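Let's take a walk through this fold together. Keep the viewer open and follow along as we go.

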Amino acid sequence: MLLRKRVHADLTQVTRLLASAGLPPDGLEHTEGWVLEADGALQGHVALELTPDAAVIRSLVVAEGQRGQGLGVRLVEAAEDGAGARLLVLRTESIGPWMERRGYRRATLQEAPASVLATTQFSGGLCSGTPVYLLGAGQAIKAAVRKRYAGFVERGGACCAPAKEPCGCSADPSLAVGYSREEIQAVPQGANLGLGCGNPLALASLKAGEVVLDLGSGAGFDAFLASPRVGELGRVIGVDMTPAMIARARDLARRHGYANVEFREGDIEALPVEDDSVDVVISNCVINLTTDKLQTFREARRVLKPGGRLMVSDLVLLSPLPAHLQGDRDAYAACVAGALLKEDYLAAIREAGFREVEVLGESPYELGAEAQVASLKIRALKPGGAASGGR
Ligand SMILES: C[S@@+](CC[C@H](N)C(=O)[O-])C[C@H]1O[C@@H](n2cnc3c(N)ncnc32)[C@H](O)[C@@H]1O
């Protein structure tokens, strides 16, 4: 299916598509559009009305018979890429929950910028309860992150996932960041996408019966490694916000009989996990991607039992980021622009209420010449519990 920008000759078919969904064709002249085409027939269309500081999705339509195949997602992504950071959607009560799952926030009309209220989509007779779906800068970053990591699931990994060699690098990248060949071979094929920057389990000393939570569990690599270590009486929970990652991890867990592992779709900045319920929080190359690191560490602390441990591998900056990379969504999704300076990262862990914050390992990490990056392995404890004597 070809995704391309709409041209004038498409308008007759676009009007037909809109009519098939019960939508009026008015306002098309004020919009830019993207279409999905197969064999010369349009299968989907999104129209965007641009203002100086935002963009409004005027309409989104997928041909009957083509629904349920992810075409709407492709069109919304085309709109997001074409429009930049902020998008608003109006009169979409019917797909509101869908937009919320994609990271849009339901807002009020009063929150929309004046330039948006002046668009044809917003003009005329709107009541204050009209739903508006807003993609703020933070959510736009998350959308870019989801898109990038869904792409790794489709392509089979960052570089040399076992099934894909040779593909430009000489060995599985997980070997280079601290996993052994035995560990790589121990997990189901398709779980190791080569996306880690360390091995947070290496020093976690997991014990039978413990509950482990993996923040940003991807396709389940670390969760599957943790599973036999905590055994039948233990449990492993993976949380990830990219639906394709969750689907892959759940599928592997089911097919390979990992009865003590579950994967939950969610944002690690608002964990879908109960207070004081986890013995060990692990995370591998994820927290740099969050938009609020302090909040992420606070959430990790909330769900840990008193005395529980945090074991994180992550990327940090060793010098400030060049100005042109700051705020760059693609650089953010590539683990560069969201990374904190090392001292700020450690300070955020302490500020979130962790004690005994220790850097157990630090190695340079190659992410291009423009940013000086290191991979850290960090351990910290939640105060309280028998192990820390109530500290
Ligand atoms: C670099 S990959 C690492 C995946 C996995 N830890 C591994 O080592 O294979 C980053 C993962 O974090 C997830 N992620 C990023 N930000 C997140 C957030 N705020 N909440 C939940 N998951 C997030 C992405 O969807 C992606 O699967």
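Which residues have the most contacts inside the largest nonpolar core? They are Leu213, Val281, Phe297, Leu310, Ile349 and Phe354, and the core has 31 residues. A nonpolar core here is a set of buried Ala, Val, Leu, Ile, Met, Phe, Trp, Tyr and Cys residues joined through side-chain atoms within 4.5 Å. Buried means under 20% relative accessible area, exposed over 50%, and partly exposed in between (1.4 Å probe, protein chains only).

A quick word on the ground rules. You're looking at a predicted model, where local features need pLDDT of at least 70 and side-chain atom pairs count only at pLDDT 80 or more, while totals for chains, interfaces and linings use all residues. Residues are numbered from 1 along each chain as its sequence is written, and side-chain values use heavy atoms, with hydrogens and water left out.

At least two of its residues come from each of strand E8 (211-215), strand E9 (235-240), strand E11 (278-284), H10, strand E12 (304-317), H12 and strand E14 (373-381). Helices (H or I, at least four residues) and strands (E, at least two) are DSSP runs, numbered from the N terminus. E9 has five of its six residues buried, so the rest of the structure largely encloses it. E8 and E9 run parallel and are joined by five bridges, with Leu215 opposite Val239 in E9. Two strands pair if DSSP finds at least two bridges between them.

Now zoom in on Phe297. Leaving out residues up to four places away in sequence, Phe297 touches Ile287, Leu310, Tyr345, Ala348, Ile349, Ala352 and Phe354, where contact means heavy atoms within 4.5 Å. Phe297 has 0% relative accessibility, so it counts as buried.

The structure holds five aromatic pairs; rings of Phe, Tyr and Trp (its six-membered ring) pair if their centres lie within 6.5 Å, and planes under 30 degrees apart count as stacked, over 60 as edge-to-face and the rest as tilted. Phe224 and Phe263 have ring centres 5.7 Å apart and planes at 70°, so this pair is edge-to-face. Phe224 sits in helix H8 (residues 221-230) and Phe263 in strand E10 (residues 261-265), so the pair ties together parts 39 residues apart in sequence. Both Phe224 and Phe263 are buried. Phe297 and Tyr345 make another edge-to-face pair, 5.3 Å centre to centre with 85° between the planes. That pair links helix H10 (residues 293-303) to helix H12 (residues 342-351), with Phe297 and Tyr345 48 residues apart.

Finally, head to the open sheet. Seven strands form it in the order E1-E2-E3-E4-E5-E7-E6, with mixed pairing. Its edge strands, E1 (2-5) and E6 (105-107), each pair on one side only. Within the sheet, E2 (residues 32-38) and E3 (residues 41-50) pair in the antiparallel sense over seven bridges, and Glu32 has Leu48 as its bridge partner in E3.

What about helix H1 (residues 11-20)? Val14, Leu17 and Leu18 of H1 are buried. Down the axis, the buried residues of H1 fall within an arc of 100° (taken from the directions from the helix axis to the C-beta atoms), so they line one face of the helix. E2, E3 and E4 are among what covers them. Thr12, Arg16 and Ala19 are exposed on the face of H1 turned away from its buried side.
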